[in-house]
Amino acid sequence: MQETIQLRDTEEERALLGRQDRTLRLLREALGLRIIARRGLVVLDGEGAKLKDGVRVVRDLLTLVREKGDLTDDDIESALVASHGARPGKDGTDDGHDRILKALDDTVIQPRTAGQARYVECMRRSDIVFAIGPAGTGKTYLAVAMAIRLMKKGLFRKLVLVRPAVEAGEKLGYLPGDLNAKVSPYVRPLYDAIGDFIEFGEVRRYMERDIIEVVPLAYMRGRTLDNAFIILDEAQNTTPVQMQMFLTRMGRKSKVAVTGDITQTDLPKGVKSGLVDVRSRLADIEGIEFCELDRTDIVRHPLVQKIVDAYAPDGPGK
């Protein structure tokens with residue numbers, strides 16, 4: 001089956017298809033359709049619901065082109081997200097739309113709880129997302145998966161992974177080796193998450209080419225990160241001043257995910273966590289979302305949920 005959409009002129013065609021047809025290639029990949037643009041026409045070839053979704057996406061993008069004159073990466077992503085109807089699975093998550101990508105072992109990465117589904121949707125929708133919850137809820141893992149997915153689609157050029165080195169007071173010079181060796185103990189969980197999606201050799205090449213960068217929070221001051229997906233992990237170990245410094249590194253066409261567990265703060269006694277502080281400061285700003293995860297979103301070993309309960313303020317040990 002085919003559907004044809006008429007364009008007004010070559011200017012409209014260029015704005016819709018993107019530079020060197022980049023948007024057209026993204027749509028083909030994301031929608032799984034054969035899409036051809038020629039002589040002022042966009043022809044979509046496919047079957048059933050896929051074709052209907054594709055026509056809806058192209059028409060939505062064309063409307064934006066006619067309103068604004070061009071398209072942003074966020075416009076394209078939002079149109080693709082909106083095209084998938086909700087198809088809830090048994091656990092209340094979306095059976096198809098919430099799929100993020102495949103791991104190297106062919107495991108399909110997607111939300112496994114309702115809370116995780118909200119978190120993924122927040123990352124799709126907003127440029128800054130704070131994920132706050134206990135260990136094992138997938139805060140960092142899902143952020144890394146989403147970042148790699150969007151990078152593979154060409155929506156971001158760079159992945160930046162940031163972690164505070166609280167245990168060493170951020171005096172990394174006391175540790176042996178070069179910067180990577182000094183930082184490694186603190187960012188190992190981030191490397192582990194990346195390793196599930198990208199082969200080790202490819203990760204090394206990306207790091208050599210500065211496509212993937214792992215940075216201690218202390219080294220972020222003074223930088224501006226454009227066209228990047230930036231993840232701040234263990235954010236409960238930042239101070240309010242450090243949190244402000246990190247968030248203001250965000251450049252054009254960038255997205256930020258901040259993850260942390262406010263019940264496991266390693267800051268010195270009496271020092272307020274930047275992750276606690278930021279909730280009251282930024283909660284009402286459009287484009288920033290806070291996603292709260294809880295014990296029901298824990299997807300590690302079943303004992304982890306029981307351990308979290310035992311250490312809760314009202315747990316059996318109190």
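Start by selecting Val 129 and Ala 257: Val 129 stands opposite Ala 257, which sits in strand β10. Strands here are DSSP runs of E with at least two residues, helices are runs of H or I with at least four, and both are numbered from the N terminus. Before you click on, know that this is a predicted model, where local features need pLDDT of at least 70, side-chain atom pairs count only at pLDDT 80 or more, and totals for chains, interfaces and linings use all residues. Residues are numbered from 1 along each chain as its sequence is written, and side-chain values use heavy atoms, with hydrogens and water left out.

**Stop 1: strand β6**

Five bridges join β6 to β10, and the two run parallel. Two strands count as paired if DSSP finds at least two bridges between them. Which other strand pairs with β6 in the parallel sense? Select β11, residues 288-292: β6 and β11 pair over five bridges. Here, Ala 131 stands opposite Cys 291. If you wonder what holds such partners together, strands of a sheet pair through backbone hydrogen bonds, either parallel or antiparallel.

Next, show the side chains of β6. Ile 128, Phe 130 and Ile 132 point one way, while Val 129 and Ala 131 point the other way. Are they buried or exposed? All are buried, and "buried" means under 20% relative accessible area, with exposed being over 50% and partly exposed in between (1.4 Å probe, protein chains only). Since five of the five residues of β6 are buried, this strand is largely enclosed by the rest of the structure.

**Stop 2**

Now pick Thr 238, in the loop between β9 and α9. Thr 238 is buried, with a relative accessible area of 0%. Leaving aside neighbours within four places in sequence, Thr 238 has contacts (heavy atoms within 4.5 Å) that include Pro 164, Leu 217, Met 243, Lys 272 and Leu 275.

**Stop 2: the largest pocket**

Rolling a probe the size of a water molecule over the atoms shows where empty space is left. To find pockets, a 1 Å grid is laid over the protein atoms alone; a pocket is an open set of points with protein on both sides within 12 Å along at least five of seven lines, whereas a cavity is a set where a 1.4 Å probe fits but cannot get out, and lining residues have an atom within 4 Å of a point. Points are joined across faces, edges and corners, and the volume is the space filled by probe spheres set on them.

The largest pocket holds about 840 Å³ of space. Select Gly 138, Lys 139, Thr 140, Tyr 141 and Arg 300: of the 36 lining residues, these are the closest to its centre. Colour β5 (108-109), α6 (139-152), α7 (179-195) and β10 (255-260) too, as each supplies at least two residues of the lining.

**Stop 3: the three-stranded sheet**

Jump to an open sheet of three strands, in the order β1-β3-β2 with antiparallel pairing. β1 (2-6) and β2 (34-38) stand at the edges with a single partner strand each, so one side of each has no neighbour in the sheet. Five bridges join β1 to β3 (residues 41-45), and Glu 3 has Leu 44 in β3 as its bridge partner.

**Stop 5**

Most residues other than glycine have a negative phi, and most peptide bonds are trans. Pick Asp 21, whose phi is near 60 degrees, a positive value. Asp 21 lies in the loop between α1 (10-17) and α2 (22-31) and is partly exposed, at 35% relative accessible area. Asp 210 also has a positive phi, near 65 degrees; look for Asp 210 in the loop between α8 (200-208) and β8 (212-216).

Finish at Glu 11, in helix α1. Glu 11 is exposed, with a relative accessible area of 51%.
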